[in-house]
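Visitor: Could you walk me through this model before I set anything up with it?
Guide: Gladly; have a look at it and then ask away.

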Amino acid sequence: MLTNAPRGTKDILPETVGSWQYLETKIRDLCRCYGYGEIRTPTFEHTELFRRGIGEGTDVVDKEMYTFQDRGERSITLRPENTASTVRAYLQNKLYASSPVKLFYIGSMFRYDRPQAGRLREFHQFGVEVLGEASAAVDAEVILLAWDLLKSLGLEDLTVSLNSVGCPKCRPAYRAALQDFFRDKLPELCSDCQSRFERAPLRILDCKVDGGKDFMADAPKITDCLCDECREHFQAVQEYLTALKVNFALDPRLVRGLDYYTKTAFEIKIPSLGAQSAVAGGGRYDGLVKEIGGNDTPAVGFALGMERVLMTLEQAGKLPPPNDKADVFVVAAGDAAKIPAFELITACRRAGYTALMDYAGRSFKSQMKQADKAKAPVALILGEDEVRDSMVTVKNMASSQQEKVPLGEAVAKLAAILSERKGE
Ligand SMILES: [Zn+2]
Ligand SMILES: [Zn+2]
């Protein structure tokens with residue numbers, strides 16, 4: 001037990017952290033272009049925030065939260081997602097003073113779920129939230145941001161599923177129409193759906209158990225029930241996406257069951273991933289800020305599963321090769337070379353080079369082997385003669401050419417060899 005991390009968690013080791021850094025850099029660069037500022041909220045919050053912000057009756061709140069009493073007997077929950085925290089931070093820090101507020105986050109989320117491929121109990125999400133703007137242009141912008149990110153990573157085979165879930169004005173009529181449709185089919189629905197029938201009939205549409213049943217295709221579509229405002233908004237989002245050549249398809253079964261979700265709902269899918277093809281999902285949530293205690297504030301965002309994107313990139317061979325090469329290995333032969341070698345390696349590091357050495361006093365031959373293994377293109381060798389003469393032997397590991405230079409010129413010589421190699 002001591003040497004096993006808890007089920008559903010994973011170490012990210014130096015050999016794979018490069019993929020994460022690559023993805024994070026792409027995200028940060030893109031968010032800068034789109035004008036989104038990074039927010040980092042606490043890993044845990046008051047449980048009540050998620051109960052309100054995600055909603056009672058959802059699987060996340062009812063079955064999946066990591067909730068505990070802290071020593072002050074407060075109920076604390078590890079964040080299962082970052083939207084509620086972001087809205088809390090928006091209100092607490094009065095970010096609404098200038099709107100719209102465009103935020104992004106990258107971080108760990110926690111859900112007690114059955115671990116499966118690309119789904120851990122501690123997992124990572126990138127997401128954006130735009131608060132304080134009702135325009136359909138912002139819905140299109142966040143979709144486009146996710147789209148551009150995945151495209152820039154080299155993922156070609158993408159589709160966006162798009163729907164509108166209406167608003168508090170037009171949804172009651174749709175709920176009633178759905179209930180009328182499902183009433184005589186209740187015995188055929190799973191037990192979850194039977195309990196959803198009264199409080200969240202929209203969620204029957206995306207039930208994992210019942211979603212594939214034949215009669216689902218005949219269920220009333222919310223897009224036939226939208227009020228004028230919602231219909232115009234939905235139309236406008238589609239016009240923006242069409243103009244930007246985003247490959248979207250309308251999916252009337254894409255719903256989000258809670259009242260504060262409004263208008264646009266979307267998912268971005270990579271069809272080659274099969275059953276778990278959705279890598280990002282989001283939409284508008286004009287009712288959430290008020291739910292958490294603020295004024296009526298329109299808002300829209302999405303979250304993207306980073307593990308799933310990295311898995312896809314790996315399968316598609318789209319990850320950059322790991323950068324695990326040292327620039328230089330400093331070889332010290334004999335006790336007298338120890339301090340000069342340490343000074344020399346420090347000079348290399350201070351000049352910005354990845355410099356390695358042996359600390360255990362191994363033989364000259366063994367140190368040269370280590371230099372090979374580190375794939376260092378240059379070895380700086382300090383033997384007894386070199387130390388006595390304040391010189392260093394600079395060995396080009398590729399050509400095996402070597403020359404002695406004054407110790408003070410070693411870093412400049414290293415720089416020259418490395419930049420020559422770059423030019424090749
Ligand atoms: Zn409406
Ligand atoms: Zn069901």
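**A chat about the chain**

Guide: Let me begin with one residue in this predicted model: Cys190 counts as partly exposed, because 14 C-beta neighbours lie inside 10 Å, a count that falls between the 12 or fewer of an exposed residue and the 20 or more of a buried one.

Visitor: OK, and where does Cys190 lie?

Guide: Cys190 lies in a loop, the one between α6 (171–183) and α7 (191–199).

Visitor: Which residues is Cys190 in contact with, leaving aside its neighbours within four places in sequence?

Guide: With those neighbours set aside, Cys190 is in contact with Cys207, Val209 and Asp210. For Asp210, which is 20 residues apart from Cys190 along the chain, the separation between the two C-alpha atoms is 6.8 Å.

Visitor: Switching to Pro271, is it buried or exposed, and why?

Guide: Pro271 is exposed, because 9 other C-beta atoms are found within 10 Å, and exposed residues are those with 12 or fewer. Its place is in the loop between β9 (262–269) and β10 (278–284).

Visitor: And what does Pro271 touch?

Guide: Not counting residues up to four places away in sequence, Pro271 touches Asp157, Thr159 and Ser277. As for Glu48, 223 residues apart from Pro271 along the chain, the C-alpha atoms of the two are separated by 37 Å.

Visitor: Now helices: at what angle do the axes of α5 and α8 cross?

Guide: The axes of α5 (residues 136–152) and α8 (residues 228–243) cross at roughly 45° and come within 8 Å. The two helices are therefore oblique to each other, and α5 passes α8 in a right-handed crossing.

Visitor: Which residues make that contact, and what classes are they?

Guide: On the α5 side the contact is made by Ala136, Ala137, Asp139, Ala140 and Ile143, while α8 brings His233, Ala236, Val237, Tyr240 and Leu241. By class, the contact of α5 with α8 has eight nonpolar residues, one polar and one charged.

Visitor: Zooming out, what is the radius of gyration of the chain?

Guide: The chain has 28 Å, whereas a compact globule of 424 residues would have a radius of gyration near 22 Å. Taken along the principal axes, the C-alpha atoms fill a box of roughly 95 × 55 × 45 Å.

Visitor: How many helices and strands, and what share of residues is buried?

Guide: The secondary structure comes to 14 helices and 16 strands, and buried residues make up 35% of the 424 residues. Among contacts with a separation of 6 or more, residues 24 or more positions apart account for 69%.

Conventions:
Residues numbered from 1 in each chain as written. Chains lettered and ligands numbered in written order. Predicted model: local features only at pLDDT ≥ 70, side-chain atom pairs only at ≥ 80, totals over all residues. Helix = DSSP H or I, 4+ residues; strand = E, 2+ residues; numbered from the N terminus. Contact = placed C-beta atoms within 7 Å. Axes fitted to C-alpha atoms, helices over the stretch in contact; angles between N-to-C directions. Parallel < 35°, antiparallel > 145°, perpendicular 65-115°, else oblique. Left-handed = near helix turned anticlockwise from the far one by under 90°. Nonpolar A, V, L, I, M, F, W, Y, C, P; charged D, E, K, R; others polar. Rg over C-alpha atoms; globule rule 2.2 N^0.38 Å.
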